[in-house]
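User: Hi! Could you walk me through some side-chain pairings and the main pocket here?

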Amino acid sequence: MSKLRIGIAFFYHESHSFSPVKTSIQDFYNEGFYKDKAIITAYKGTKTEVGGFIDILEEKNAEIVPLVTAAAIPSGIVTEAAYLEIKREMLKSIEQAGALDGLLLALHGAMVVEGESDPECDLLCHIRQLVGDTLPIATTLDMHANVSERMIAQTPLHFGFKTYPHIDMYEQGERAAHALLKQVETNERYFVSFVKLPMMPPSINMRTAEGPMHDLVESAIRWESEEGIVSASVMGGFPYSDIPEVGASIIVVATDQSRGDRAASSLAEEFWLNRDRFIMDLPGVTEGVSQALSLKSEKPVAIADISDNPLSGGSGDTTALLREMINRNLTDALFGGLYDPESLSSSVEAGEGATVSLALGGKCSPEFGEPVQVVAKVIKLSDGKFINKGPMNTGLMVDMKGAAHIQVGELDILLTGRALSANDPEMFRHIGLEPTKKRILGLKVKNHFRAAFDPLVSQIIYIDGPGVASNQLKSFSYAHIPRPIWPLDDVQTWRK
């Protein structure tokens, strides 16, 4: 009996409509754009969706047909040229792959492209035109996907992350692979039940360790223990995408349509009734730093600058928190990473041990804070490459396109050549900075970093400073989202 031939592919981006920094093809090259066998080299052994695909297909003795994988750090909307290039490469790889028995596709679900608000749907529709209506396709989706009814209609098999921080990418990849193989081998018929809610909750209180999303995910898991329910996913949506498809949703995969419909309706009702629990009021920069300094602990206190979190689309170079930490002449403190290729280049040119005048940050979005003029000492330089050792994307190589450890007064600062959230301590340790030795950590992060940093810090203070990823959704000038929508409008029911 010949092996089953299963294609694997990955196209991942979370697009912030209000970011001034558009996402180009170079951003995908920088993060990871692989074809053919290079995909196996990059992802085998990693705790990613693709890593999960590979392990299950190998375990089940299927032939893996690696197609195209492309991912870029969340930022502004993707340029049309970048999207068309990756889509063209993916469709060409499918066309040239020969006969496939199934396709595993890892998507984010919140990508926005110039002139295309629902690119994942567009991609799936073009794939369907190539492979026909009957080829089994399974997708994995980020918890913050903005899912559309039309996209869901392309295949019933969708598996959303159940954790935030997202540390179950690998497990959802495994589940998608198992379900796809079962459909191929047994002709199991799957149904999908989908509910779109008129709400776009902020993600600050969407962690799954506690709080309202924890409760919702536990309910979804209980539904999955019911006969006929294969998967139940609670999708929080990404509120910074100014598109008609924005918002929260429920996806239930079942072998019984009526059971799936009941599960989806129940989870939608629970999500709606708990919507106010997702709202948090956060301190500004000055208040947040004062709070951090007032705390006494043997472990560091982390100040999370959520408004400039690169994994929410922040530019990674706003200066309000940096300026506050410098002005207070903080000692025993670490700030990073600050995306500033210009200052990085000057530091490299000056060399380790040199003193150099720099204008730190404030170049991508000066409206959120001008550059900070400093005289810095260059402590250490690196190529910016490290391997994730924390619970998120474990084993995946990260390339920051260079890094520099500089000191301004007593403050340690990490400069990077790419905008990246400090989600793994290796980002600092690879260059000799040990975050656990500091009293105060000023980080451009939101919730993902907690997967690795929670055991290392005593407390986390979220601040809502100037930045494109502010928690105040009413401050954005939406033009394309459906209205009314909570929390911008007073909406009485999720039912149509």
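This is a predicted model: local features need pLDDT of at least 70, side-chain atom pairs count only at pLDDT 80 or more; totals for chains, interfaces and linings use all residues.

User: Which residues are joined with K35 into one network?

Analyst: One link is the salt bridge of K35 with E89, with 3.2 Å between the closest N and O atoms. E89 lies in helix α4 and K35 in strand β3, so this pair ties together parts 54 residues apart in sequence. Salt bridges that share partners join K35 into one network with E89 and K92.

User: How many residues apart in sequence are the parts that E63 and R5 tie together?

Analyst: The side chains of E63 and R5 meet in a salt bridge at 3.3 Å, N to O. E63 sits in strand β4 and R5 in strand β1, so the parts they tie together are separated in sequence by 58 residues.

User: What is the volume of the largest pocket, and how many charged residues are in its lining?

Analyst: The volume of the largest pocket is about 880 Å³. Of its 46 lining residues, the closest to the centre are E31, I73, L311, N393 and L396. By class, the lining has 21 nonpolar and 16 polar residues, and the number of charged residues is nine.

Key. Residues are numbered from 1 along each chain as its sequence is written. Side-chain values use heavy atoms; hydrogens and water are left out. On a 1 Å grid over the protein atoms alone, a cavity is a set of points where a 1.4 Å probe fits but cannot get out, and a pocket is an open set with protein on both sides within 12 Å along at least five of seven lines; lining residues have an atom within 4 Å of a point. Grid points are joined across faces, edges and corners, and a volume is the space filled by probe spheres set on the points. Ala, Val, Leu, Ile, Met, Phe, Trp, Tyr, Cys and Pro count as nonpolar, Asp, Glu, Lys and Arg as charged, and the others, Gly among them, as polar. A salt bridge is a side-chain nitrogen of Lys or Arg within 4 Å of a carboxyl oxygen of Asp or Glu. Helices (H or I, at least four residues) and strands (E, at least two) are DSSP runs, numbered from the N terminus.
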